[in-house]
Amino acid sequence: MEGRLPPKKAGTKPKERLFRGVRMRKWGKWVAEIREPNKRSRIWLGSYCTPVAAAKAYDTALFYLRGRAARLNFPDDVSVDDAGSGADIGMPAALIRKKAVEVGAKVDALQLRSASVFSSRSQEYRRRKEETRYKNPDLNQEPTPESSDDEWSSGLQQ
């Protein structure tokens, strides 16, 4: 029995974390929060539609709390001013929350706008495709004068 893993519980799936400090609610929203250093309290960073927005809000707060040594989700894309960090001056939690929510909201808006542009383009493409698709004629009906019989019969005579 030594060295064996405990049996998996039925109906449970392994938790897959996309980003640090981000989790998904049952109803699909993504939320971010972070622990304050040397305290048991957490700073609520908000609820977002996309995981990237929640991760960027977390990165912003972490940068202000820990400075340049922070382990960020997107280390190459620091969206806060690099002039100084909150770790140097001890920013209050309310200000950190405010800055993180601003960044998260901007990213969420950009993500949703690009998704809606893509969605509207794909809908336009589908609509045009439906318009250009040839419909099968009903062979049980007699042709109407508006139909293009002249074009069809002239094609046969050539």
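**Figure 1. The open sheet of the predicted model.** Three strands make up an open sheet in the order β1-β2-β3, with antiparallel pairing. Strands here are DSSP runs of E of at least two residues, helices are runs of H or I of at least four, and both are numbered from the N terminus. Two strands count as a pair if DSSP finds at least two bridges between them. The edges are taken by β1 (22–24) and β3 (42–48); each has a single partner strand, so one side of each has no neighbour in the sheet. From one strand to the next the twist averages 25 degrees. The model is predicted, so local features need pLDDT of at least 70 and side-chain atom pairs count only at pLDDT 80 or more, whereas totals for chains, interfaces and linings use all residues. Residues are numbered from 1 along each chain as its sequence is written, and side-chain values use heavy atoms, with hydrogens and water left out.

**Figure 2. Pairing of β2 with β3.** Strand β2 covers residues 30–35 and is joined to β3 by six bridges, the two strands running antiparallel. Trp 30 has Tyr 48 as its bridge partner in β3.

**Figure 3. Helix α1 on the sheet.** Residues 51–66 form helix α1, which lies across β1, β2 and β3. The helix runs at about 15 degrees to β2; axes are lines fitted to C-alpha atoms, for helices over the stretch in contact (heavy atoms within 4.5 Å), and angles run from 0 to 180 degrees between N-to-C directions.

**Figure 4. The salt-bridge network around Glu 33.** Salt bridges link Arg 23, Glu 33 and Arg 42 in a network; the criterion is a side-chain nitrogen of Lys or Arg within 4 Å of a carboxyl oxygen of Asp or Glu. Between Glu 33 and Arg 23 the closest N and O atoms are 3.3 Å apart. Glu 33 belongs to strand β2 and Arg 23 to strand β1, so this pair ties together parts ten residues apart in sequence. The salt bridge between the side chains of Arg 42 and Glu 33 has an N to O distance of 3.6 Å. Glu 33 is buried at 18% relative accessibility, while Arg 23 is partly exposed at 31% and Arg 42 is partly exposed at 43%. Buried means under 20% relative accessible area, exposed over 50%, and partly exposed in between (1.4 Å probe, protein chains only).

**Figure 5. The salt bridge between Lys 39 and Glu 36.** The side chains of these two residues meet at 3.6 Å, N to O. Glu 36 counts as buried, with 16% relative accessibility. The structure holds three salt bridges.

**Figure 6. The chain and its confidence.** Four helices and three strands are present, in the order β-β-β-α-α-α-α from the N terminus on. The mean pLDDT (the predictor's confidence in each residue, from 0 to 100) is 75 for the chain, and 61% of the residues score at least 70. Among the elements, β2 has the highest mean pLDDT (92) and helix α4 (residues 149–157) the lowest (52). Of the 158 residues, 27% are buried.
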